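Open the model in your viewer and keep the selection tool at hand.

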Amino acid sequence: MFSFLPFLFGTAVAAVYDQPLATVPGQLDAIPNWDFQQLRKVPKNIAALSLPGVNTSSWHHAPVSRCTLMACLLAEGTYDVNGPDGLWYSDNLAHFDQSLFSVPWLYRNQFSLSVKHQPKRHYFLQTNGITPAADLFLNGKRIADNVTQSGAYGGHTFDITPLARKENALVVKVYPANYQYDFAVGFVDWNPYPPDNGTGVWRDITIKQTGDVYMGPVSVLVNMDVPVEQSKTYHAVITVRAQARNLDNKAIEFVGKVDIRNPKGELLKVLTKTFRLGAKESRTVELSEKIQNPEIWWPAAWGGQPLYSAQMTYSVGSDTSDISPLTSFGIRTVTSEVNSHNDTLFRVNGYPIQIRGGGYSADMFLRWDPQHFEHIARYVLDMGMNTIRLEGKMEQPQLYDIADRLGIMVMAGWECCDRWEDWPYNEDLFQNPPPLWHKADYETANASMRHEAAMMQTHPSLIAFLVGSDYWPDDLATEIYLDGLHDAGWQVPVIASAAKRGYPELLGPSGMKMEGPYDWVPPVYWYDREPTVNRSGSSFGFGSEQGAGVGTPTKGSLTRFLTDTDMQDLWKKPNKGLYHMSQDTSQFYDRSIYNKGLFARYGKPTSLDDYLMNAQMMDYEATRSEYEGWSSQWSASHPATGLIYWMLNNAWPSLHWNQFDYYLHPAGSYFGTKIANRVEHVAYDYFSSFIWLINHSLEQSGPRFVHVELVGLNGERISRQKIRFTTEPNKSHKIGDISSSIKKIKDVGVLRLLLVDEDGDTVLSRNAYWLSKQKDIVDWTTTTWYSVDVKQSANFTALDKMEKVTISLSTSKGKTYGQWKLRVKNPAPVPAVFVQLNLVDEHGDDVTPLTWSDNYFTLLPHESIEVDLADWSGKGVAVEVDGKNIKKSRALLR
C-alpha cells in the first residue's frame, strides 16, 4: 500500500522532460506538462486512465508544469488575452462561456522512473496545492481523494513506492471551484472573476526519490542580539533542522550533515552528527553553529542582502539517503510590538522601521513569470517602498527568492471575504450567515498553514504572516495556524488580521487598521489628523490597505484593452459602470467619486487627452500626499507606523487601484509614490502649510538646507526662503511654516522645495506642487469605509490658461547599454507644469519596463534638471514630451 505523509513538504523543482524523473536521492522534479480534458468527454473509468499507454491525442495539451484550467488553455493557444479578439479587450471576458468549468476536469501525464536500477529506493509524489480540491490516481489506483487533497495551499506528500514502475501515469481530477465553499485563490472585488475561478494544478506536482531515511523541509533558525551594531563584535547562532523519518521496518543509524556556505559561496562550516531511528520512527534533526561577526541581511534602503546557504544530507553507510536543495537564508531578526496607541510597529535587526508598501495581486489566471515579478519588485524599490503585502496571493517559491535577493520585505497571509473567513462573527460576506467551517475545513487549514510555513520559513524577506485579513480566525483555527508555524520554526511576527475588529486571545490585538479609504480623497485628507477618532484613514497608526483608489493608465496602455467607445466613456460618461474596474456588484465598479473630484478641481474635460492629463495630475497628487503624510508623521507622538497602498498592481488591465498599469507603464500614481519616498526628502503639508524634513535612512545625518520658492502661473516670484536644519537618521521633523506665503497665491501657485546637503552641491530631493488659493476641505461627517465628501474643492482651472512652453531636451548615452542622460530645460518665463517624458520604440509604441530618476515633474521659469533613463529592453529610440502647459515634442535618443 502507498502511504500518506502529511508532515513532509518540499519546494525546489527542476523540470525534466524526456528523461526519467528523480533519478538520484533528493532530486525533486516537476511533472513537466499536462494533457487535460473535461470529465464528460473521457471514459468514465478514471482509474484506467491513470494506466500507461492511454491515447490522449484528442485531449488538450499544456506545455507547462503548472496551470489553472484557463492558464492551460492560454498556454495551449486556444485563447489569447491580447488584441481585439483577446480576453482582456473591452468586455470580451464577460462573454466567455463559463459553463466549460461547471464540471470536473482531468489532468494527465505519463512519466518514467529508473526503478529497475535503484533497489532500496523510495518514491514520493508531492502536491503543493491544487484549486480547489482533487482526486489523484497513479497507475490505476487512487492515492488521494478530494477531502485530503483540498485547498489551493494544501500541500501533501504521498509515498508511491509500491505503485512506482518504469512507466507511470498520473491523473488529477479537479473539481469546480466556488469561492464561498472552497479554499481557493480569489480576487474579492479587485476585478472580474476568472471564468474557471482558478481551478486546477496551479502549482507544481513533483516526484522525489530517497533512500530509507526521508528528509522533510529544511528550516533555518537565527538567533542574535539586537540592535545590530556594525562597529561591535557580535555573533549569530544558526540552527539548521529538518524532520527525518525511517521508512524501513527495522532500526537504522544515519549521519546528518549540513554544509554552510557564506554569501560568496565559500564553505564556512560542515556540521555532522549521528542519529538512530527505530522502525518507522520520525524525529527532528537539528545542527547548530555560532557564526562570529556575520554579514547581516537588511532591507534594500538600509544595507546589503548577503545570503548564506545550507544544504543538509542524510547518509546511511556510504550511501546518500536524501539531500535537501541548496537553501538560502539571511541573518536578520524581525519583531513587532503594539504600542500605546494600539498600533503595530516593526523592527528589523532591532531598529524601528516604517513599513511603506503596496498590496500585490497575482495574475488573474495565476500564471507565474519570475521575470515579470522581478520587474514588479524592481519597480517597488524604484518607488522607494520597502514592502509588499500578499493577501492570499502567496504565488510560487521564486517570489521569495527574488524578494530575498533584492531586499524587499514581504507580509504574507490569508485572504478575506470568502471561505477563508467564514466565521459566525463575519457579517460582511456574500452569504449571511456564512457557511461555517466543519472538521474537514480545519484539516485543510492545517495542511495549508504547514505547507506555506515550510515554504517561507528560511526567507529573510518575510516579516509577518497575517492569519486573517478583514476578520480574525476562530480559536481552533488560530491554534492550528500557530502550531503549524511553530513546527516550521517560524521566527517572525504572526498577526491576527489586518484590521482592529477583534482578535483571538492567543494572538492579541493586530495593531493594524482597515478603515479605508479605497476611493478618491483629496491630498489634505492625509494631514488632517485630529481628532484621530474621527479621522479614520488619516496618517497615524498602521494602515494595512488604503489609498485614494487611483491608477489611471496612459493612452498608450488604454488602446491595448479598450475600444474607442470605451475610452470616450471615461470622460463623457463619468458615472458609467466600467468593466475594467471591480466586480459589477462592487462599490468600485465606476469612477464616479474619482470623476466628481477631478471635474470639480480641474474643470470638465474637453477631450480624452485633456481628461487623461488631469487624471495623471490628480493621481500624482494622491499617492504623493499619502506617502508624504505617512512619512512626515513617523516621529509624531501618535506615529504613522506603516502603510500598504491599495494596490500595487492589478491582475489584469485595470482602470484603478495600481501604482503602475498591467503593462508595467509607470504614470502619475507611480511617480507620486516615487518622489514621496526619497530616502531623504522634503514635503509640504496640505493642511497646515508646514514643511517637513524626512529621513528614511539608518545612518545619514548632518546639516541640510531646504530652498523654498513659490511662484505664480505668470512666473512672478511670490516668496523665497532658505531653511537650515540638522537631519537625523530614521526621523521626521517639522522645519518650517509657509502659511503666510501660501495666502499670497492669487489663483494657482507653484511651490518648489529643494533639499541639498551642507555644501549645496548635492540635491537630495526636489519636489514641486501646484497649489490652489481655494483649498480642499474634507467633510469628515460624511466618512464611509471607502471615501469621504468634501465641503470645498481646490480650483486648478487657471492652469488651462497658462502660456504654452516648449521644453528643451538634449540626450546623451550613459555608461551602460540602455542608459541615457537627459537634460530637460524650461526656457520660458513661466512654470512648466507636469512635464511628462515617455519612451517609445521605432513604431511609436510605449517601451516598458524602464525607470526614470524623475518624471511628471514641474520646472520653475528657466530651470533645468538632469534625468537618468534606464531602458531595460534597449528598444527605445525617442522620448516624447508632453505636460499640462507643454507643447508636444519628440527627441531622438542619440
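How do the residues of the lining of the second largest pocket divide into nonpolar, polar and charged? They divide into 15 nonpolar, 8 polar and 8 charged, where Ala, Val, Leu, Ile, Met, Phe, Trp, Tyr, Cys and Pro count as nonpolar, Asp, Glu, Lys and Arg as charged, and the others, Gly among them, as polar.

This is a predicted model, in which local features need pLDDT of at least 70 and side-chain atom pairs pLDDT 80 or more, while totals for chains, interfaces and linings use all residues. Numbering starts from 1 along each chain as its sequence is written, and side-chain values use heavy atoms, without hydrogens or water.

**The pocket.** Select Val188, Asp189, Tyr193, Cys417 and Asp428, which of the 31 lining residues lie nearest the centre of the second largest pocket. Its space is about 890 Å³, a volume being the space filled by probe spheres set on grid points joined across faces, edges and corners. A pocket is an open set of points on a 1 Å grid over the protein atoms alone, where a 1.4 Å probe fits, with protein on both sides within 12 Å along at least five of seven lines; lining residues have an atom within 4 Å of a point.

Next select residues 252-261 and 267-277, strands 17 and 18, which pair in the antiparallel sense over 10 bridges. Strands are DSSP runs of E, at least two residues, numbered from the N terminus; pairing takes at least two bridges. Asp259 stands opposite Val270. Five residues separate the strands, and Gly265 in the turn has a positive phi of about 90°.

**Arg894.** Finally, go to the segment after strand 49 (889-892). Arg894 is exposed because its relative accessibility is 68%, with exposed meaning over 50%, buried under 20% and partly exposed in between (1.4 Å probe, protein chains only). Beyond its neighbours within four places in sequence, Arg894 is in contact with Thr811, Ser812 and Trp820, that is, heavy atoms within 4.5 Å.

Methods:
Helix = DSSP H or I, 4+ residues; strand = E, 2+ residues; numbered from the N terminus.
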